[in-house]
Amino acid sequence: MLAETLAAIRAADPVAIAEARAFQDRLTKPRGSLGVLEDVAVRLAGAAGACPPPLPAPAALAIFAADHGVHAAGVTPWPQEVTVQMVANFLAGGAVANAFAAQAGVPVTVVDVGVAADLPDAPALVKRKVGYGTADLSRGPAMTVDQAVRAMEAGITVARDLVAGGARCLITGDMGIANTTASAALISVFTGADPAEVTGRGTGIDDETYERKVGIVREALRVNGLDGGTLGSSASEALRALAAVGGFEHAALAGFILGGAAARVPVLLDGVIAGASALVAAALDPSALDHCVAGHRSAEPGHAAALARLGLRPLVDLELRLGEGTGALLAHPVLCAAVRVMHEVATFDSAGVTEKPV
């Protein structure tokens with residue numbers, strides 16, 4: 001499934017990009033006056049291969065949930081059972097992501113890809129469990145490569161199912177206590193940045209815990225042989241790095257991104273977990289990025305490094321660090337507005353408005 005998905009991904013269409021840029025210049029507004037929104041609309045036209053691009057609605061949020069063995073290393077004060085408790089909260093509609101999703105009119109799907117407990121059936125719960133949490137990445141690989149691929153294919157399947165169900169924009173969400181530690185490790189590997197530069201305070205930790213967390217990320221890179229500089233460009237190396245220091249939700253999100261790209265449906269990325277996952281997806285096929293939009297900039301320092309490497313400019317910057325898909329959900333109406341301009345704003349010719357002399 002992974003190979004089939006990668007084979008289906010197409011780079012942005014340069015003809016559609018040129019047409020969209022020219023069309024933007026004919027709309028009844030000063031050229032470039034909508035700033036980044038114009039760039040976003042042009043980007044989506046290239047991704048879809050059509051001008052104007054399809055409206056990225058309805059959207060669907062998928063929250064991938066998993067646990068992490070590195071939790072035992074003391075990288076967070078939050079108990080691991082919070083992961084399963086928050087899954088129940090999502091399913092009951094009580095999380096911030098649910099409130100933001102309701103505001104945006106976006107349905108929420110929760111995917112168990114690696115929670116360290118058996119979850120009861122629920123209408124909005126999709127069970128794609130690959131394992132009961134990862135191993136401790138500071139002692140060796142968090143996953144086998146086979147597990148990483150299975151988690152990626154779980155994400156691909158969810159993307160396919162949501163698109164088949166009518167979604168025209170996929171929004172990334174995540175839940176997993178200690179997953180910012182794995183994110184920092186992935187970002188360090190894929191960007192070459194020092195762990196101290198990309199490790200943040202996650203859900204809020206004191207200085208002592210933060211120093212321990214940075215040390216754990218360094219140790220994870222060392223024991224997994226990933227501290228020797230820039231990662232190679234082969235797919236096998238990318239998968240090995242993902243398996244070594246990633247989480248089941250990172251792998252699933254990478255697959256989710258690839259699945260959206262293969263379907264030519266825009267993927268609206270959330271924060272640092274999504275950023276780390278997008279680095280994996282881009283390492284497997286750089287063209288997947290043509291179908292991604294950064295929803296927001298997380299307060300986590302690793303996210304800025306990931307966005308810089310990905311070449312993505314976030315739509316929203318509100319110093320959020322919650323995850324769950326919250327920042328991307330806030331950005332979805334902005335994304336829709338950027339495309340709606342292409343569909344509904346008159347051109348100078350059609351409106352009989354005189355253009356500024358060249």
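In this predicted model, 20 residues of domain 1 are in contact with 25 residues of domain 2. The domain assignment builds domain 1 from two segments, 1-53 and 343-350. Domain 2 covers 59-334. Taken over C-alpha atoms, the two domain centres lie 28 Å apart.

**The interface**

Together the domains bury about 1,900 Å² between them. Carbon and sulfur atoms carry 64% of that area. Which residues of domain 1 lose the most area to domain 2? They are M1, L2 and R43, which together account for 31% of what the domain 1 side buries.

Polar links are present too. Nine residue pairs are in polar contact between domain 1 and domain 2, counting pairs with both residues at pLDDT 80 or more. Two elements give two or more residues each to the side of domain 1 that touches domain 2: α1 (2-8) and α3 (36-48). Of these, α3 gives the most, with eight residues. By type, the residues on that side of domain 1 divide into 13 nonpolar, three polar and four charged.

How many salt bridges are counted between the two domains? The count is one.

**The whole chain**

The protein chain holds 15 helices and six strands. Its C-alpha trace spans about 70 × 45 × 40 Å along the principal axes. Does the radius of gyration point to a compact or an extended chain? A compact globule of 358 residues would have a radius of gyration near 21 Å; the chain has 20 Å, so the value agrees with a compact globule.

**Backbone details**

Most residues other than glycine have a negative phi, and most peptide bonds are trans.

| Site | Feature | Angle | Location |
|---|---|---|---|
| C51 to P52 | cis peptide bond | omega about 0 degrees | P52: loop between α3 and β1 (59-66) |
| A57 to P58 | cis peptide bond | omega near 0 degrees | P58: loop between α3 and β1 |
| A178 | positive phi | phi about 85 degrees | loop between β4 (169-175) and α7 (179-191) |

P52 and P58 both sit in the loop between α3 and β1. A178 is not a glycine, yet its phi is positive. Its place is the loop between β4 and α7.

Technical notes: Residues are numbered from 1 along each chain as its sequence is written. This is a predicted model: local features need pLDDT of at least 70, side-chain atom pairs count only at pLDDT 80 or more; totals for chains, interfaces and linings use all residues. Side-chain values use heavy atoms; hydrogens and water are left out. Domain bounds come from an automatic or database domain assignment. Contact means heavy atoms within 4.5 Å. Buried area is the accessible area (1.4 Å probe) that two parts lose on being put together, summed over both. A salt bridge is a side-chain nitrogen of Lys or Arg within 4 Å of a carboxyl oxygen of Asp or Glu. A polar contact is a pair of N or O atoms within 3.5 Å; within protein, one must be able to donate a hydrogen and the other to accept it, and residues adjacent in sequence count only if both atoms are side-chain atoms. Helices (H or I, at least four residues) and strands (E, at least two) are DSSP runs, numbered from the N terminus. Ala, Val, Leu, Ile, Met, Phe, Trp, Tyr, Cys and Pro count as nonpolar, Asp, Glu, Lys and Arg as charged, and the others, Gly among them, as polar. The radius of gyration is taken over C-alpha atoms; the globule rule is 2.2 Å times the number of residues to the power 0.38.
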